[in-house]
Amino acid sequence: ITKRAIDEALKNPREIDMNLVDAQQARRILDRLVGYKLSPFLWKKVARGLSAGRVQSVAVRLVVEREREIENFKPQEYWSIEAKLKSKNEKGKTGEFSAFLNKISGETIEKLAIKNKAEADNVLKNLEGSDYVVSKIEKKEMKRMPAPPFLTSTLQQEAFKKLRYSSKQTMLLAQQLYETGYITYMRTDSTNLSDQALFAAKDAITNLFGQNYWAGFSRKYKTKSRLAQEAHEAIRPTEPSRTPESIKSGLTPQQFKLYDLIWRRFMATQFKEAVFDTVSVDVEALPAQAGGKYGFSANGQTLKFDGFLKVYPIKYEETELPPLEEKEKLELLELKPGQHFTK
């Protein structure tokens with residue numbers, strides 16, 4: 001609900017859609033059918049004054065079913081084999097790197113293939129005296145796309161993860177930002193973005209960060225769920241040019257942090273992708289003893305262009321491998337078995 005949207009609506013009145021009226025009445029009836037039975041039960045078992053309707057009752061059921069799955073889960077043991085290797089032609093700064101066993105006799109093994117210590121010890125025994133040779137090097141450029149704009153659910157998740165705000169606190173602060181006209185409506189299941197917002201985002205990005213950071217086109221998102229009602233836009237700043245710093249003095253510290261998160265997430269959607277240089281290396285252990293050939297793999301990743309990470313930083317790991325050449329012999333520093341359990 002923005003000034004422009006209200007002006008447009010007043011210029012273009014339409015007939016009342018009775019299907020929408022009936023849908024709202026049906027929701028009210030469902031709330032009563034479900035809520036009048038469930039709420040008194042909550043008063044007895046949990047606390048007075050709680051209410052549950054057509055939404056909360058289903059949510060509780062989902063939580064209970066998931067909790068039972070967790071209780072019934074049986075962890076499985078599995079082992080990994082890590083080879084710490086050193087490049088003999090040390091052209092770079094780092095000559096050492098780690099590679100993990102991923103092939104036996106040319107066949108790719110599954111994550112749970114080595115099931116216990118005895119099997120891991122058998123692999124280590126077969127690897128005794130092996131030479132380690134680089135068999136393949138593959139270099140690629142990998143692009144990482146920005147996440148879609150916030151829905152109610154993703155805003156709550158991200159605010160908890162990044163700001164440690166509870167869902168209740170997040171929605172209260174979002175309500176305040178909405179009422180003061182800083183963000184669009186905060187109860188939404190849609191990733192739709194208006195053309196007006198997309199054009200404004202382009203201008204803001206080119207002015208604040210430079211033409212090089214704009215995606216070059218307006219990036220639109222589709223809601224994956226078939227059941228999404230999509231009555232509203234995604235959660236976004238009403239004016240993309242209104243930076244968090246420019247309104248900081250008029251907000252509480254908590255409101256500022258949430259607005260900053262919403263503004264950055266929306267702006268990131270219209271940025272260029274982040275670009276990484278990746279390298280994957282296959283290493284063969286030759287000649288392994290009776291157990292056949294063993295293959296190890298190592299992966300490296302370095303940031304080439306930050307793109308949307310400039311405005312919406314996320315965790316990523318940079319792993320730099322030493323300069324390697326195919327058929328190069330490597331020095332084994334250590335073979336390290338590791339015990340793990342599925343969670």
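I take strands to be DSSP runs of E with at least two residues, and helices to be runs of H or I with at least four, each numbered from the N terminus. On that basis I placed Lys 327 in the loop between β6 (294-305) and β7 (329-341).

**Entry 1**

I checked phi at Lys 327 and found a positive value of about 70 degrees, although the residue is not a glycine. Most residues other than glycine have a negative phi. Lys 327 has a relative accessible area of 74%, so I list it as exposed.

I then turned to Arg 164, in the loop between α5 and α6. Phi of Arg 164 is also positive, near 60 degrees, and this residue is not glycine either. Arg 164 counts as exposed because its relative accessibility is 56%, over the 50% cut-off.

**Entry 1: confidence**

The model is predicted, so I looked up its confidence. The chain averages a pLDDT of 91, and 94% of the residues score at least 70. Helix α1 (residues 3-11) has the lowest confidence in the chain, with a mean of 87, while α9 has the highest, at 98.

**Entry 2: nonpolar cores**

Which residues of the largest nonpolar core touch the most other members? I noted Leu 155, Ile 183, Leu 258, Tyr 259 and Met 267, out of 40 residues in that core. Two or more residues of this core come from each of α5 (152-163), α6 (167-179), α7 (195-208), α9 (253-268) and β5 (274-286). The largest contribution is that of α9, with nine residues.

Apart from neighbours within four places in sequence, Leu 155 is in contact with Phe 150, Thr 170, Ala 174, Ile 235, Leu 258, Leu 261 and Ile 262. I also recorded a second, separate core of 24 residues, with Trp 79, Val 134, Ala 285 and Leu 324 among them.

Nonpolar side chains tend to be buried together in soluble globular proteins. Val 21 belongs to helix α2 (residues 18-45). I list Val 21 as partly exposed because its relative accessibility is 31%, between the 20% and 50% cut-offs.

**Entry 3: salt bridges**

How many salt bridges does the structure hold? I have ten on record.

In helix α3 (residues 56-72), Glu 65 and Arg 61 lie four residues apart, about one turn of the helix. Their side chains meet in a salt bridge at 2.8 Å, N to O. Arg 61 is exposed, at 56% relative accessibility, whereas Glu 65 is partly exposed, at 33%.

Lys 117 and Asp 121 are separated by about one helical turn because they are four residues apart in helix α4 (residues 117-126). The closest N and O atoms of this salt bridge are 3.0 Å apart. Both ends count as partly exposed: Lys 117 at 48% relative accessibility and Asp 121 at 33%.

Is Arg 236 buried or exposed? With a relative accessible area of 3%, Arg 236 is buried. Arg 236 forms a salt bridge with Glu 233, at 2.7 Å from N to O. Glu 233 is partly exposed, at 21% relative accessibility.

Last, I noted a network of salt bridges that links Glu 158, Lys 161 and Lys 162.

How values were computed:
Residues are numbered from 1 along each chain as its sequence is written. This is a predicted model: local features need pLDDT of at least 70, side-chain atom pairs count only at pLDDT 80 or more; totals for chains, interfaces and linings use all residues. Side-chain values use heavy atoms; hydrogens and water are left out. A nonpolar core is a set of buried Ala, Val, Leu, Ile, Met, Phe, Trp, Tyr and Cys residues joined through side-chain atoms within 4.5 Å. Buried means under 20% relative accessible area, exposed over 50%, partly exposed in between (1.4 Å probe, protein chains only). Contact means heavy atoms within 4.5 Å. pLDDT is the predictor's confidence in each residue, from 0 to 100. A salt bridge is a side-chain nitrogen of Lys or Arg within 4 Å of a carboxyl oxygen of Asp or Glu.
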